[in-house]
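Here is my note on the model below. Please read the points against the structure.

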Amino acid sequence: MSGKYFQKPTPQQSERVPPGQYLTKGFPVLTYGTTPQVSTDAWELQVWGLVQPKTFTWSDFMALPHHEFTADFHCVTRWSKLDVKWTGIQVTDLMKLIAVEPKAAYVMAHCYGGYTTNLSMVDFVRDENFFAWKLFGEPLPAEHGGPVRLVVPHLYAWKSAKWINGLEFLAREELGFWERNGYHKRGDPWREERYSL
Ligand SMILES: Nc1nc2c(c(=O)[nH]1)N[C@H]1C(S)=C(S)[C@@H](COP(=O)(O)O)O[C@H]1N2
Ligand SMILES: [Mo]
């Protein structure tokens, strides 16, 4: 594809574009189903499973250290967007506030609307993973996952759960929505882990 929406990467950019991906200038919205409308007052994140259960509110999140971060975003439907600017809270900072049992090796992210996606703890607990509530300096629009979404830059973007409202800690791997419907259980764009075999 070419023209207005898809660009040819410069040589510097092409090192950052995983195999089989095309650059887009816009920021497409990829949502299965309808967009949940959740106010910051109503928003909550619950943790359960192999962890001491706890609920975080918007003000709990606002009290955590804020960071700006820049990350590339790769959708399995083959568009990539470089240098997306987010503001949010590091996953590692949230992890300091919850008592996860050592046998927890996986986490299921749950969302308003029922979407789920699975991650190993190794993929989830990384310095560059964030809960984001701003996009390019503006409050995260509802269609992009506002008020709060997860961002996991090193995996395909279906792992970046929009409207996140839960983390379920698990000993064994379970599959989320797309992973049960044919997508790869891990989704590393550099290895083209698009589909399960
Ligand atoms: N809750 C929820 N999160 C989701 C999705 C979804 O349908 N529901 N789509 C995923 C997919 S496939 C992609 S590519 C990204 C798209 O994020 P965007 O719409 O902000 O571009 O969100 C991911 N997170
Ligand atoms: Mo996607």
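**Ligand contacts and sheet**

1. An oxygen atom of ligand 1 lies 2.7 Å from a polar backbone atom of Pro28. That is a polar contact, a pair of N or O atoms within 3.5 Å. The model is predicted: local features need pLDDT of at least 70, side-chain atom pairs count only at pLDDT 80 or more, and totals for chains, interfaces and linings use all residues. Residues are numbered from 1 along each chain as written, chains are lettered from A and ligands numbered from 1 in the order written, and side-chain values use heavy atoms, without hydrogens and water.

2. An N or O atom of the His144 side chain is 2.6 Å from a ligand oxygen. For the Arg149 side chain the distance is 2.7 Å, again to an oxygen of ligand 1. Taken alone, ligand 1 exposes 530 Å², and the protein buries 98% of that (Shrake-Rupley method, 1.4 Å probe).

3. In total, 20 residues surround ligand 1 (a heavy atom within 4 Å). The closest are Pro28, Tyr32, His144, Arg149 and Lys162.

4. Now the sheet. 5 strands form an open, mixed sheet in the order 4-3-12-7-8. Strands are DSSP runs of E, at least two residues, numbered from the N terminus; two pair if DSSP finds at least two bridges between them. Strand 4 (54-57) and strand 8 (116-120) are the edges; each has a single partner strand, so one side of each lacks a neighbour in the sheet.

5. Strand 3 (residues 44-49) pairs with strand 4 in the antiparallel sense, over 4 bridges. Val47 has Lys54 of strand 4 as its bridge partner.

Terms used:
A polar contact is a pair of N or O atoms within 3.5 Å; within protein, one must be able to donate a hydrogen and the other to accept it, and residues adjacent in sequence count only if both atoms are side-chain atoms.
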